[in-house]
Amino acid sequence: MKIVAIRSFIKHMALKKPYTIAYNTYSDVSIAFTEIQLANGIIGIGSASPAEDVVGESPIQTLANLESDFVQQLVGRDIRGFQKIMVEVQKHFHHLPGTQAALDIALHDAFGKWAGISVAEFYGIQSGPLKTSVTIGIKNTVDTLAEAESYFSQGFNIFKIKTGLDVEEDIERVLLLNEKYGKQIKMRVDANQGYTLSRLTRFIKATEQTGLELIEQPLPVGKETDLLLLDEAKRKKLAADESLHHAKAALDLASVNHPFGIYNIKLMKCGGIIGAREIAGIAKPAGIKLFWGCNDESIISITAALHVAYSCPHTHYLDLDGSFDLAEDLVQGGFEIKNGLLMINKQPGFGFDWI
């Protein structure tokens with residue numbers, strides 16, 4: 001079945017409320033969308049929301065790439081060869097993971113719809129369903145507790161706390177949440193490169209009784225070897241994020257004394273499902289757990305991440321709440337939320353459609 005058209009556009013989308021992390025505050029997001037139409041009328045949908053400060057690619061660049069002659073010359077290709085097409089896309093758009101991800105997701109969706117199978121079932125469902133964490137940005141203790149209560153009342157009980165500006169305030173917020181909810185909740189922390197080793201050590205010691213599940217990217221990129229000064233038990237709870245863009249980085253970090261026991265895989269960092277599965281394949285024999293994350297993204301790419309996450313037996317954690325932050329979206333379907341559990345609908349492709 002041949003591809004007959006590829007169309008792309010960008011949309012600037014407001015967030016329901018602004019949030020702050022260690023190095024920025026966000027109130028809106030730009031998302032690039034693409035659709036791949038087959039000769040029988042099937043349309044595969046993809047999207048990308050790359051973080052320029054992390055991967056060096058902006059959504060505006062993504063759109064320009066999606067409208068390039070290289071992408072348009074894919075018209076006429078057979079969707080059954082979508083994986084070969086993606087090899088060519090990866091080579092042509094090297095180090096442009098947003099562009100890769102938009103095409104990867106749209107190609108997978110079109111192929112799954114054509115084949116009559118969900119993407120997760122195509123690769124084989126091996127885990128899930130799992131609960132996602134919901135993210136609480138850097139804010140004062142009163143607002144932190146208020147946001148936690150709002151999420152808790154909606155059925156979410158895994159909180160990811162953004163930290164990294166002031167370690168003492170970070171400690172206070174975590175301890176207060178633990179005091180209020182105890183074992184009713186689980187907590188994760190994302191420092192977004194905001195700590196030094198001494199501050200990280202201080203934070204770990206002060207919060208060790210709270211049972212934190214993990215600490216995400218505590219030190220700046222390039223300081224990973226400093227983490228080897230921590231004992232193995234502590235490193236097993238550390239998750240690589242900004243340090244982990246692609247399979248080569250995954251391989252480098254999976255050394256004998258690897259600094260991270262968890263890999264946070266984001267489709268917007270690694271270029272989509274094929275890149276994500278390359279990282280997952282390296283992590284498995286190294287005994288590294290998988291933690292699936294996101295930016296502020298459409299249901300489109302969140303659903304794609306969910307499908308690949310459930311195709312990996314060593315998936316342990318989900319942080320796929322990016323679409324919850326959008327004031328609007330352009331598709332419906334994909335997955336359902338039940339008491340924090342993310343449930344794929346197992347319809348062909350990714351099971352979503354334009355609204």
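This is a predicted model: local features need pLDDT of at least 70, side-chain atom pairs count only at pLDDT 80 or more; totals for chains, interfaces and linings use all residues.

Residues are numbered from 1 along each chain as its sequence is written, and side-chain values use heavy atoms, with hydrogens and water left out.

Let's begin with helices. Two packed helices are described by the angle between their axes and the distance between the axes. Helices here are DSSP runs of H or I with at least four residues, strands are runs of E with at least two, and both are numbered from the N terminus. Axes are lines fitted to C-alpha atoms, for helices over the stretch in contact, and angles run from 0 to 180 degrees between N-to-C directions.

Find helix α4 (residues 82-92) and helix α5 (residues 97-115): their axes are 10 Å apart, at an angle of about 175°. That makes α4 and α5 roughly antiparallel (over 145 degrees; under 35 is roughly parallel, 65 to 115 roughly perpendicular, and the rest oblique). On the α4 side, the contact (heavy atoms within 4.5 Å) is made by F82, I85, M86, V89 and Q90, and on the α5 side by Q100, L103, D104, L107, H108 and F111. Sorted by class, this contact has seven nonpolar, three polar and one charged residues. Here Ala, Val, Leu, Ile, Met, Phe, Trp, Tyr, Cys and Pro count as nonpolar, Asp, Glu, Lys and Arg as charged, and the others, Gly among them, as polar.

Now compare helix α8 (residues 167-181) with helix α9 (residues 197-207), whose axes come within 10 Å and cross at roughly 20°. These two are therefore roughly parallel. Their contact divides into six nonpolar, one polar and four charged residues. Zoom in on L175, which sits in α8. Leaving out residues up to four places away in sequence, L175 touches A206 and T210. With 36% relative accessibility, L175 counts as partly exposed (buried is under 20% relative accessible area, exposed is over 50%, and partly exposed is in between, using a 1.4 Å probe and protein chains only).

Next come the rings. The structure holds 16 aromatic pairs, where rings of Phe, Tyr and Trp (its six-membered ring) pair if their centres lie within 6.5 Å; planes under 30 degrees apart count as stacked, over 60 as edge-to-face and the rest as tilted. In one of them, F9 and W354 have ring centres 6.0 Å apart and planes at 40°, so the pair is tilted. F9 lies in strand β1 (residues 3-21) and W354 in strand β15 (residues 352-354), so the pair ties together parts 345 residues apart in sequence. Elsewhere, ring pairs link F82, F111, W114, F122 and Y123 into a cluster.

Last stop: the backbone. Most residues other than glycine have a negative phi, and most peptide bonds are trans. H95, in the loop between α4 and α5, has a positive phi near 65°. Q217 also has a positive phi, near 35°. Finally, a cis peptide bond joins G128 and P129, with omega about -5°.
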